[in-house]
Every structure is written in structure tokens, then in C-alpha cells.
Amino acid sequence: MIDIAIHDDFLTSVVLENIQAQMKTITYDPPEPEKASYYGGAFWHTRVLKTDSPVAKEIRKNIKNIFKMEVIENTHVCTYTLTGATDKARPHDDLVPGHPKDRSYNCLIYIIGDSLINNGTGFYIKKGDNLDLNSHIGFKINRAILFKREIVHSPLHWAGNSSWRHSIANSFVIV
């Protein structure tokens, strides 16, 4: 099974341009208080899409065609995100109780932002009681990062030289 995989040009240019236009005009919901508390402060705004939305369907199709994974439809949560906190790292995993750990994945797709390493995502490994930044993947428009939900990760904005980014966060279970 894949731990982390990267694919550039995940969406067609037409689909990408339509999503970019939509993301610039919608309103985003502020972080939920319990999530803001869990992550040590608010750092992203969201807009959850319906599972049957054209965007969610396109993403499931591309995950199947590109990463060769079949998404269980009723497990797919597709969310537009706006991220830009610069005060500190907020490493976390996205495990959900009751979902099989070995089949639970995220697919983060970068949509709007500056192509900077620190607009991207860092991945951590546990060393004793500490989390060490092990890898980071820079921001590039239309880059998809598929990774197991158990992998600890964080936006890299806190490391400096970054800007706000729009992404699509997808979480799901595979067949």
C-alpha cells in the first residue's frame, strides 16, 4: 500500500480553472472551536462539498485512474480549504475512529497559491516522545499528495516565506 505519493497535473486545465474561479468567490466557514482547540489555534477555513458534487466525483475518478485506488463513496469528505497560519507548526494525523487504519487516506490538492516550499505540507516521524519534520512537499498548483491518514502532517507556513493557499482536502477509505 502507498504511504505517500505525489502527482502533478492532477486535474485537467478546464476543471482546475473552474475550481479556481469558484474558490475565489465562495465564503468559507471559520474553524470549529473544538478543532481550533485541538490544533492549538485556528489556522484554516473550510467549505465542505457534497459527496455527489461534480468536483468530488472528478476527484474520486482521478484517484482511481492515477493512484489506482477505489474510494468507498460514502466515506469521501471533500473540503475546500484556505490556509495561512504563520505562528507555529500544528502537526496532526487525521485518523477517524472506526475506519480501517490501513485503508484510510487523504488526498490534498493544491489549487491557488504561490509556488513556495513553505506553502506546502510537512510530514513528521515520531522519535521517542518527539515529532521530527522528516519530509516536506512544496506547493505547486494542481499537485495532489496522497497519503495515509495516520501520517502526521502540518502546513509549512510557520517556517516563513509563505502566503495563503487554497487547497482541496479529501479524506476517504479505499476498497
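The model is a predicted one. Six strands, E1-E7-E4-E9-E3-E2 in that order, make up an open sheet, and helix H1 packs on that sheet. Two cysteines, Cys78 and Cys107, are worth a look as well: their sulfurs are 9.5 Å apart.

**Helix H1**

- Start with H1, which covers residues 13–25 and so has 13 residues.
- From first C-alpha to last, H1 reaches 19 Å, close to the 18 Å expected at 1.5 Å a residue.
- Four residues of H1 are buried, namely Leu16, Ile19, Gln20 and Met23.
- Looking down the axis of H1, you will find these buried residues within an arc of 105°, so they line one face of the helix.
- The buried residues of H1 pack against another helix, H3 (54–67).
- They also pack against three strands: E3 (77–83), E4 (104–112) and E9 (165–173).

**The sheet**

- Neighbouring strands in the open sheet pair in the antiparallel sense.
- Strand E1 (4–8) and strand E2 (44–49) are the edge strands, each pairing on one side only.
- From one strand to the next, the twist averages 20°.
- At the E2 end of the order, E2 and E3 are joined in an antiparallel pairing over 6 bridges.
- To find your way into this pairing, look for Arg47, which stands opposite Tyr80 in E3.
- H1 touches E3, E4 and E9 as it packs on the sheet, and its direction makes about 80° with that of E4.

- Cys78 is in no disulfide, and the nearest cysteine sulfur to its own belongs to Cys107.
- Seen from Cys107, the closest cysteine sulfur is that of Cys78, and at 9.5 Å it is too far for a bond.
- Cys78 has 2% relative accessibility, so it counts as buried.
- Cys107 counts as buried too, because its relative accessibility is 0%.

How values were computed: Residues numbered from 1 in each chain as written. Predicted model: local features only at pLDDT ≥ 70, side-chain atom pairs only at ≥ 80, totals over all residues. Heavy atoms only, no water. Helix = DSSP H or I, 4+ residues; strand = E, 2+ residues; numbered from the N terminus. Expected span 1.5 Å × (residues − 1). Buried < 20%, exposed > 50% of the residue type's maximum accessible area, 1.4 Å probe, protein only. Arc of directions from axis to C-beta. Contact = heavy atoms within 4.5 Å. Pairing = 2+ DSSP bridges. Axes fitted to C-alpha atoms, helices over the stretch in contact; angles between N-to-C directions. Disulfide = S-S within 2.5 Å.
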